[in-house]
Amino acid sequence: MSRRSHPQYRIGLRTIKTGLAVIIALFLATLRPSAIPIFAAIGAIVVMSRTLSDSITAATTQLAGIICGALAGCLFTLLFPNDRYFAIGLGLILLIPICQPLRIGFAVPLTCVVFVSVCLYDPTRGTPVAYAINRFLDTSIGLSVGFIINAVIKPYNNHSLILRLFHEYLAAYPPALSELLIHGHYPALSPFEAKMRHLHDEIRIFSEQPFPHRKQRQEEAAYLEGCYQLAEKMYMALAALCGMDTLGTPCQRSCKRLSALGLALPSIEASRPLLDEDSTVLNYHLNTLLDACDFLVELLNATAPKQD
């Protein structure tokens, strides 16, 4: 009977930052008269994303949804004071299409929730306008506190992850070349495509971070993009090799370069003076791949801008 693995209980840094942000947001919100602390807590939780750019997107979504929903809710409660249900239905029908031209389609669900909340607010507890203003202020407190905590306490930095992915990508090529040139089997390209997508996504995330060290981050992003282009060149060369119907024979120079990667090609006619067309094509793509590999290794080993 196989043992069932149980997930490990782990408290990460972002979890701790979320708890700290909620504590501070609730404390600050309660200093206000007529505060609704739950919205401060929600704002702090929502904005605590993995990256600062994601935090900005979350904050923008919250503010856009609250402003549009609150304004529409206040308007419809004034227009239909005695028929709230009809006002809600009509308002939603009109509100959702309006959000798209205003380019806040990403905030449509929250806009609708805020709109309904304002329309259904108990008038004995205050006016819908006061509720809308308090919700906006308390949510803003939570968003501000959460963003500051996320930015100040060890913000997300995937620089080390990107370098590790590059080294894993390079390490996948010798087995693939061995499978192709020694065993005569075409290696699967999908693992390389997955690694390329992962690298591309992580480099994009790295380059989109607004701070800290914005200028240094831009320089480092350009360096990583250059590394990615070399990795892409390696993949294109491997794909071209896998697209050949008939593999030729590696030349002597190619064999020496492959041996440096630990690939010993058995009894190949490496020194014959004339090569057929398939061999010429194979050596062209093979040397393109090896050249890009050498340049990539050189770049990764070079002194690059440091990221704290």
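Author: Of the 41 residues in the largest nonpolar core, Phe166, Tyr169, Met234 and Leu296 touch the most other members. A nonpolar core here is a set of buried Ala, Val, Leu, Ile, Met, Phe, Trp, Tyr and Cys residues joined through side-chain atoms within 4.5 Å; buried means under 20% relative accessible area, exposed over 50%, and partly exposed in between, with a 1.4 Å probe and protein chains only. At least two residues of this core come from each of α7 (159–171), α8 (173–181), α9 (190–208), α10 (214–242) and α12 (277–301). The most is given by α10, with 13 residues. Helices are DSSP runs (H or I, at least four residues), strands are runs of E (at least two), and both are numbered from the N terminus.

Before going further, please keep in mind that this is a predicted model: local features need pLDDT of at least 70, side-chain atom pairs count only at pLDDT 80 or more, and totals for chains, interfaces and linings use all residues. Residues are numbered from 1 along each chain as its sequence is written, and side-chain values use heavy atoms, with hydrogens and water left out.

Now take Phe166 itself. Not counting residues up to four places away in sequence, Phe166 touches Leu199, Ile203, Leu224, Cys227, Tyr228, Ala231, Leu296 and Leu300, where contact means heavy atoms within 4.5 Å. There is also a second, separate core of 11 residues, with Val22, Ala25, Ile141 and Val145 among them.

Ala172 sits in the loop between α7 and α8. Leaving aside neighbours within four places in sequence, Ala172 is in contact with Phe192 and Lys195. The C-alpha atoms of Ala172 and Pro191 are 9.0 Å apart, although 19 residues separate them along the chain.

Another loop, between α6 and α7, holds Lys154. Lys154 has a positive phi of about 40° although it is not a glycine, and Lys154 is exposed, with a relative accessible area of 65%.

Lys154 also leads us to the pockets. The largest pocket has a volume of about 240 Å³. Of its 13 lining residues, Leu13, Arg14, Lys17, Lys154 and Tyr156 are the closest to its centre. Helix α1 (residues 13–29) provides the largest share of this lining, 4 residues. A pocket is an open set of points on a 1 Å grid over the protein atoms alone, where a 1.4 Å probe fits, with protein on both sides within 12 Å along at least five of seven lines; lining residues have an atom within 4 Å of a point.

The second largest pocket has a volume of about 160 Å³. Its lining includes Cys74, Phe80, Arg84, Cys119 and Val129. Both α3 (52–79) and α6 (128–152) supply at least two residues each, and α3 gives the most, with 3 residues.

Finally, here is the whole chain. There are 12 helices and 0 strands, and buried residues make up 43% of the 308 residues. Among contacts between residues at least 6 apart in sequence, 78% join residues at least 24 apart.

Terms used:
Grid points are joined across faces, edges and corners, and a volume is the space filled by probe spheres set on the points.
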